[in-house]
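This report is meant for someone meeting the structure below for the first time. Please look through the sequence and the model before reading on.

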Amino acid sequence: MTELLSRLFVKDYKNATNPAVRTAYGTMVSITGIIVNILLFVAKFVVGTLFGAISIVGDAVNNLSDAGTQIISLISFRIAAKPADREHPFGHARIEYVTSMIVSFLVMLVGFELLKSSVEQIFSPERPDSSPVAIFVLIGSMICKLWLGLFNRTIGKRIDSSVMRATAADSLSDVFATGAVLIATVLPMIFTEMTWNPDAYMGVIVAVLIMVAGVRILNEAKNAILGEAPSEEIVKEITETVDRYEGALGIHDMVVHNYGPGRIIASLHIEVDGSVDVFETHDMIDTIEKDLRENCGIEATIHMDPIVTDDEQINELRAKTAEAVKKIHPSMQIHDFRFVAGATHTNLIFDVVVPFEVKMSEAEIKSAVAEKIKEINPTYFVVLNVDRT
């Protein structure tokens, strides 16, 4: 069904990185979600009202809010497709993260209102009527929501959309929420002598599931807006691209900024042989930047760090220094290594890459490295910069 809809409503649907194609996908998914959720709202609201089932009515209102969030998503895709301008030089794609936050607040509001009405029913119970019609509607709703969740997740992954991933998570949580309502509807039909009202208690469960989904969506959007570490896939893609060039001897100080789907900006340092002609090296750097831009969709700015590669003493000392640093913590690495000899002492100048998982302070790291270097030669002094990564 996903592929069929894509072929019917998205021109050039395989070219998912194209902004126009991406917008078409967003429009198709949003309109599909609006139609499905409105139909589910009408069916559940009618059935829930007729049979006095608060959990079914609450589930219906949740579907109506889902239709509202799909309308917001539709608007966000239109805004995200706008080109960069003077006020927004990196484009408008991050509007999707703002939209995800709006969706999360709406979802949590619906959950809270349902929780409140369900608790009221627990203390003032009214036994609802059960009907095969209600069961049929709820099962159909679960099937529709399961498909809608998988539909959003598939397309969201295809076009890298946080809004669709959020909608997918919400739809899949709705499957479990409606399942709880279904249980509340079936139980009175099986246990006719039941004195308590399962509908109200299941309403509480549905409300909690809805609010948990809202918090999850909010957390994902918050991380994207605040800025988070690049994915392993992006780091691997950049590293593998750089490694294809023989003159690139090492990569470090990589910083990746995500300005929304299709708008990734990166900066990185590449170690190069200092003895090679600077124009030749600069040409290689330009080629790597072009490669990343055209084949990876990453706008990269690369700084080249020349290092000595043909001095046996420096190469040996660099290896010993790297080994000494790893003894402090296996994940620590060095780069930008320089050797400045003097009459009374020698300076070793380099950077140490320290993962955030290493809980040592910067002062503790510098002290530990200095001690390890003194073990190699007491006349060596360390001029050290700590890079957290």
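## The chain as a whole

Two residues are in contact when they have heavy atoms within 4.5 Å of each other. On that basis, and with a separation of 6 or more, 66% of the contacts in the chain are accounted for by residues 24 or more positions apart. The model is a predicted one, and its secondary structure comes to eleven helices and six strands.

The chain has a radius of gyration of 29 Å, whereas a compact globule of 389 residues would have one near 21 Å. Along its principal axes, the C-alpha trace spans about 95 × 50 × 35 Å.

## Surface and charge

Of the 389 residues, 44% count as buried. The chain exposes about 20400 Å², and carbon and sulfur atoms supply 62% of that area.

Among the side chains of the chain, 33 are positive and 49 are negative, and the centres of these two sets lie 5 Å apart.

## Helix α2 and what follows

Helix α2 covers residues 19-51, and its 33 residues should span 48 Å at 1.5 Å a residue; the C-alpha atoms at its ends are 48 Å apart, which agrees with that expectation. Just after α2 comes Gly52, which takes a positive phi of about 65 degrees.

Leaving aside residues up to four places away in sequence, Gln70 touches Val29, Ser30, Gly33, Ile34, Asn37, Asn152 and Thr167.

Thr241 has its place in helix α8, made up of residues 232-243, and Thr241 is likewise buried, with a relative accessible area of 2%. Beyond residues up to four places away in sequence, Thr241 touches Asp291, Leu292 and Cys296. The C-alpha atoms of Thr241 and Asp160 are separated by 21 Å, and the two residues are 81 residues apart along the chain. Ala300, in turn, is found in strand β3, which covers residues 298-307, and Ala300 is buried at a relative accessible area of 7%. Although Ala300 and Ser267 are 33 residues apart along the chain, their C-alpha atoms are separated by 5.4 Å.

Most residues other than glycine have a negative phi. Against that background, Asp253 has a positive phi of about 50 degrees although it is not a glycine, and Asp336, also not a glycine, has a positive phi of about 55 degrees.

Are they buried or partly exposed? Asp253 counts as partly exposed because its relative accessibility is 27%, which falls between the cut-offs of 20% and 50%. Asp336 is buried, with a relative accessible area of 18%, and so falls under the 20% cut-off.

Conventions: Residues numbered from 1 in each chain as written. Predicted model: local features only at pLDDT ≥ 70, side-chain atom pairs only at ≥ 80, totals over all residues. Heavy atoms only, no water. Helix = DSSP H or I, 4+ residues; strand = E, 2+ residues; numbered from the N terminus. Rg over C-alpha atoms; globule rule 2.2 N^0.38 Å. Buried < 20%, exposed > 50% of the residue type's maximum accessible area, 1.4 Å probe, protein only. Areas by Shrake-Rupley, 256 points an atom, 1.4 Å probe, with all protein chains shown as cover. Lys, Arg positive; Asp, Glu negative; His and termini not counted. Charge placed at Lys NZ, Arg CZ, Asp CG, Glu CD. Expected span 1.5 Å × (residues − 1).
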